[in-house]
Amino acid sequence: MSTTAPAGSLRPARTTTVTLENPPGGDPVEITTTDTDRTRPFLLLHGGGGVATVSAFADLLAERTHSRVLVPTHPGFDGTPRPEHLNSVIDLARSYVALLDRLALADVTVIGNSFGGWLAAEIALLDSPRVSGAVLVNAIGLEVEGHPLTDIATLTPAERAARSFHDPSRAPRPPAQSGAGSAAGPSPDIAALAAYTGPSMADPTLAGRLKTLDLPVHVVWGASDGIVDVAHGHAFADAIPLSHLTVLPAAGHLPQLETPEELLGALLDLGRD
């Protein structure tokens, strides 16, 4: 189901009925409660650019919603070790579900950008009772005919900024590099990304598997994404039964860096009419 919806909350208020088996007085009592608490925990997953691409947005999300926001560094990124057996997106997704179990978290919303969006989808597909919804922000992972994923390993920093941002002047300045160029090969983070995704950075089985997903999913896309264009956003929304698609008109591949307020508004309906 693909519907371009106004920005709004991922999940409406929920009404649940709880039966108290042994209340004072002895007889079971049913209590129906409407829950409008928006301070659920978030698992925020970075893409190929590393944890620095989401850390500021994590602070913004936590501050505005008073929520618990977990921001892991995927093993192999930013100089962290990656066990050799951890070599697929699904394996990494299982590791994060195990992390949620270890932390005894519930009602977790998983948010991921780019590779993190694909990872968020795989976590949702594992059907953990600890996960209540997902947000896919400019996610990779799907094969969309006529809309190939840009090979970021072949781009210079300037080319990457031009394809990643609606306004390239908003791109963070890359660190100075001596002798950098195509001969230097992919950066360590690109190498870590390829270790999980393979050279195609997509899974031909993903679209079919997403059709079985029974969680609310908000697909958010920067309209000016030159890495993975908005056709992929429509493809994700078409594949996922309980989905909404929100397109941000003045953002590219990294809305959390370029237009964080607009992304936050899209996720939580803050500051919107």
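Which side chain meets that of E122 in a salt bridge? The points below answer this and describe the related contacts.

1. Basis. This is a predicted model, in which local features need pLDDT of at least 70 and side-chain atom pairs count only at pLDDT 80 or more, while totals for chains, interfaces and linings use all residues. Residues are numbered from 1 along each chain as its sequence is written, and side-chain values use heavy atoms, with hydrogens and water left out.

2. Salt bridges in total. The structure contains 6 salt bridges, each being a side-chain nitrogen of Lys or Arg within 4 Å of a carboxyl oxygen of Asp or Glu. Side chains of opposite charge can pair when their charged atoms come close.

3. E122 and R209. The side chain of E122 meets that of R209 in a salt bridge, at 2.8 Å from N to O. This pair links distant parts of the chain, 87 residues apart: E122 belongs to helix α3 (residues 115–125) and R209 to helix α6 (residues 206–210). Helices here are DSSP runs (H or I, at least four residues), numbered from the N terminus.

4. Accessibility of this pair. E122 is buried, at 3% relative accessible area, whereas R209 is partly exposed, at 24%. Buried means under 20%, exposed over 50%, and partly exposed in between (1.4 Å probe, protein chains only).

5. D203 is buried, with a relative accessible area of 16%.

6. R94 and D91. These side chains form a salt bridge at 3.2 Å, N to O. Both residues lie in helix α2 (residues 89–103), 3 residues apart, about one turn of the helix. R94 is partly exposed at 47% relative accessible area, and D91 is partly exposed at 23%.

Note on methods: Helix = DSSP H or I, 4+ residues; strand = E, 2+ residues; numbered from the N terminus.
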